[in-house]
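The sequence and structure are shown first.

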Amino acid sequence: MTGDVGGRPGSPLRPDTQPIEILHVDDDPGFVDLVATFLEREHDAFTVRTETDPHDALGVLEAEDCSVDCVVSDYDMPGLDGLTVLERVRDAHTDLPFILFTGKGSEEIASEAITAGVTDYLQKAGGTEQYSVLANRIRNAVGGYRAERYLNRGIEAIETAQDGISILNEDGRVEYANAACAEILGYPREELIGLHWETFYRDDDVDDVYDELLPEARDGRWRGTTTFVRKRGDELDIEHTLSYTADGSLICTLSPQAADAAASNLSVKEQAIDEAPVGILLTDPHQDDNPIIYANDEFTDLTGYEKREIVGRNCRFLQGEATEDEPVQRLRTAIDNREPVTVELRNYRKDGTEFWNRVRVAPLFDDDGEVDLFVGFQDDVTDRKRYEQQLRSNSARLEALFEHSPDMFAVHDIDGEIRDVNQRLCDELGYTEAELLGRNVWDIDPTADPDRASSFWDTLPPNTPHRFEGELERKDGSTFPIEVHLIRLNLDGEDRFVAMDRDISDQKRRERDLVQQNERLDRFTSVVSHDLRNPLRVAEGRLELLREDCDSDHVDDVDHALDRMDTLIEDLLTLAQTGAEAMTLQSIQLSDLVETSWGALSTADATVTVETDRTVEADRDQLQQLLTNLFRNAVEHGGPAVTVTVGDTADGFYVADDGVGFPESAGESVFDAGYTTADDGSGFGLSIVEEVASRHDWTVTAANGARGGARFDISIE
């Protein structure tokens with residue numbers, strides 16, 4: 001054996017470095033020229049040919065010298081629509097990339113396009129960014145198309161090569177051998193699989209292979225002349241090349257050609273296998289159960305299995321509980337009939353995770369026309385399946401929302417053009433759907449500013465609702481206020497803005513009434529606090545002067561009446577102002593506020609007992625007012641030595657005293673404005689308690705306690 005060591009040859013020309021010729025079909029001459037200009041700016045490799053008649057476009061594709069790499073077609077065209085063009089193209093060019101670039105988009109069209117075999121689906125939009133998106137879609141589609149053709153040519157080259165090509169696993173056993181290898185060594189192909197390489201060498205040469213050939217192959221490549229022992233025992237000297245892949249597999253070539261020519265051919269074949277962008281399997285139909293005899297690295301990455309776990313098994317080992325029977329049966333039928341087939345299966349990786357697998361299987365024939373092997377290509381199409389499902393789900397939800405929502409809906413693009421509306425909007429505005437479609441947002445919303453709207457919409461983040469108020473103008477010129485919930489969505493691949501409009505005329509009317517009510521309340525509190533208090537202060541002053549001038553029991557009665565009037569005014573103001581101010585909710589330690597509220601009262605010999613460590617979410621000032629009023633009520637009705645207890649309940653807290661309690665006939669009337677059993681009470685203290693509780697969405701009840709006295713339970717949950 002003689003040989004030399006050499007580095008790996010360079011990669012052949014990759015398909016993504018070649019020029020890309022695009023055929024754009026659209027009946028609008030101005031638009032196709034515009035698209036061609038932008039696409040050729042986006043990518044130097046792009047050459048765009050335009051046709052405005054679909055029949056002429058099909059003629060271009062039927063020409064013998066056709067070099068089109070991708071078709072971009074509109075949908076709504078006279079004579080032939082885009083889906084019909086797609087069907088005609090698929091009849092002659094099964095895998096040629098075809099992108100439907102249309103201004104008329106819907107879930108139905110998208111579904112039909114996918115079923116018909118469209119490569120991609122893109123809806124026309126406003127602005128120039130759509131051309132960058134289209135350019136990326138074209139590059140991706142053509143890249144995948146060329147890679148697959150590139151791979152197919154590589155596999156065909158391997159299978160039809162005159163050189164013998166085999167792949168050995170880490171144990172040195174044959175995993176794959178092409179027909180030429182089997183012929184050179186004199187074995188049927190199925191017998192080669194699993195044999196150790198030592199089988200093909202003379203005993204005296206085995207040590208040299210271990211000591212010289214294999215170490216040199218690990219360093220780069222071994223190439224030289226080797227004496228092989230064929231199945232019949234005869235020997236054959238042949239040019240031989242060895243090299244290792246990254247996973248430790250050994251690639252062996254046997255060639256009667258000159259060494260340089262063999263190395264050149266080998267580089268193409270190795271690259272075709274090593275750089276294939278899809279999973280590749282080879283199966284042998286001549287063995288029982290059509291076992292896998294080769295899997296490339298991409299397949300192991302896709303499934304998580306190692307090659308030693310794959311070779312020798314039937315492809316069905318990837319199937320599982322959710323794998324549907326129908327595509328599996330189509331796959332089996334095609335294999336039994338020795339026909340090519342493409343199906344999509346829900347398969348399972350080694351770790352148990354599901355993925356959608358696009359499986360393309362084709363028979364490989366020998367020179368006699370008999371099936372030699374089956375080659376299978378495996379693509380992970382989970383993302384596409386998920387996108388299709390999401391598209392269907394979103395479309396169904398949107399359609400249901402459009403048809404059944406009591407709110408008005410409008411969908412517009414970034415230029416403000418209305419693309420879709422629901423019937424409720426038409427009914428409210430007095431237009432038909434046809435009259436609204438194509439109008440701009442500012443045609444029906446007089447508050448929208450055409451000069452600022454697009455820039456505002458452009459700043460909205462996707463999938464995030466934004467709320468604001470506006471107006472809608474009816475066909476008769478009348479307007480009404482609306483609350484708008486606007487969200488930016490990707491619908492059928494297009495940037496769209498969905499506006500849900502709600503008539504808030506009643507709300508605005510209530511707000512105006514509330515403003516008027518608050519204004520009246522302000523006037524009332526002004527009269528009470530100023531116009532009544534001033535005369536009261538005058539009366540109190542004059543009474544003091546009168547007390548100096550005469551001694552009469554009537555003076556004390558008048559003084560008591562004036563004090564009661566002062567108390568009434570204070571409680572009236574408190575009741576009027578409760579709820580007029582905005583609440584600020586915060587976490588409050590109830591025990592601390594009890595101590596603060598109690599300390600602010602003049603309680604003589606009365607005491608308070610705190611039996612709670614509860615924290616409540618409340619407005620501090622209003623909760624203090626509630627506690628103060630309950631404490632004052634206990635002192636006024638229970639006497640100067642009353643004991644007040646604040647404790648926990650299952651859903652809140654209570655305030656109880658050991659006084660005389662309520663009369664049996666009192667019931668819930670204790671919270672009525674003006675109710676009191678004290679001679680000098682205002683009757684508004686407990687009304688204020690109920691108002692504060694209501695503002696916090698709490699419930700307050702009053703009853704006599706089990707041991708006597710009054711008890712108030714405040715439920716806060």
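Is E511 buried, partly exposed or exposed? Its relative accessibility is 33%, so E511 counts as partly exposed; the range for that class lies between 20% and 50%. The model is predicted.

**Salt bridges**

E511 forms a salt bridge with K508, and the closest N and O atoms of the two are 3.6 Å apart. Both residues belong to helix 18 (residues 505-549), where they are 3 residues apart, about one turn of the helix. K508 has a relative accessible area of 21% and is therefore partly exposed.

A search of the whole structure gives 37 salt bridges. One of them pairs K475 with E435, with an N to O distance of 3.1 Å. This pair links distant parts of the chain, 40 residues apart: K475 lies in the loop between strand 19 (466-473) and strand 20 (479-491), and E435 lies in helix 15 (residues 433-436). K475, at 48% relative accessibility, counts as partly exposed, and E435 is partly exposed with a relative accessible area of 30%.

D648 and R614 also meet through their side chains in a salt bridge, at 3.6 Å from N to O. Here too the pair links distant parts of the chain, with D648 in strand 25 (residues 643-649) and R614 in the loop between strand 23 (607-611) and strand 24 (615-619), 34 residues apart. D648 counts as partly exposed at 33% relative accessibility. R614 is at 17%, so R614 counts as buried, the limit for that class being under 20%. Salt bridges with shared partners join R467, E469, E483, K508 and E511 into one network.

**Helix 1**

Helix 1 (residues 29-42) has 14 residues, which at 1.5 Å a residue should span 20 Å; the end C-alpha atoms are 20 Å apart, so the two values agree. At the start of helix 1, a side-chain oxygen of D28 comes within 3.1 Å of the backbone nitrogen of G30. The buried residues in helix 1 include F31, V32, V35, A36, F38 and L39.

**Cavities and pockets**

The count of cavities of 30 Å³ or more is 4.

| Space | Volume |
|---|---|
| Largest cavity | about 180 Å³ |
| Largest pocket | about 1,600 Å³ |
| Second largest pocket | about 790 Å³ |

The largest cavity is lined by 18 residues, and L168, W197, F200, F228 and C252 lie nearest its centre. Strand 11 gives the most to this lining, with 3 residues. By class, the lining of the largest cavity holds 16 nonpolar and 2 polar residues, and no charged ones.

The largest pocket has 39 lining residues, of which V118, T119, R358, V381 and R384 are the closest to its centre. Helix 5 supplies the largest share of the lining of the largest pocket, 7 residues. That lining has 15 nonpolar, 9 polar and 15 charged residues.

For the second largest pocket, the lining consists of 29 residues, with E156, E159, T160, L364 and F365 nearest the centre. Helix 5 gives the most to the lining of the second largest pocket, with 8 residues. At least two residues each come from helix 5, helix 6, strand 14, strand 15 and strand 16. The lining of the second largest pocket divides into 14 nonpolar, 3 polar and 12 charged residues.

Technical notes
Residues are numbered from 1 along each chain as its sequence is written. This is a predicted model: local features need pLDDT of at least 70, side-chain atom pairs count only at pLDDT 80 or more; totals for chains, interfaces and linings use all residues. Side-chain values use heavy atoms; hydrogens and water are left out. Helices (H or I, at least four residues) and strands (E, at least two) are DSSP runs, numbered from the N terminus. The expected span of a helix is 1.5 Å times one less than its number of residues. Buried means under 20% relative accessible area, exposed over 50%, partly exposed in between (1.4 Å probe, protein chains only). A polar contact is a pair of N or O atoms within 3.5 Å; within protein, one must be able to donate a hydrogen and the other to accept it, and residues adjacent in sequence count only if both atoms are side-chain atoms. On a 1 Å grid over the protein atoms alone, a cavity is a set of points where a 1.4 Å probe fits but cannot get out, and a pocket is an open set with protein on both sides within 12 Å along at least five of seven lines; lining residues have an atom within 4 Å of a point. Grid points are joined across faces, edges and corners, and a volume is the space filled by probe spheres set on the points. Ala, Val, Leu, Ile, Met, Phe, Trp, Tyr, Cys and Pro count as nonpolar, Asp, Glu, Lys and Arg as charged, and the others, Gly among them, as polar. A salt bridge is a side-chain nitrogen of Lys or Arg within 4 Å of a carboxyl oxygen of Asp or Glu.
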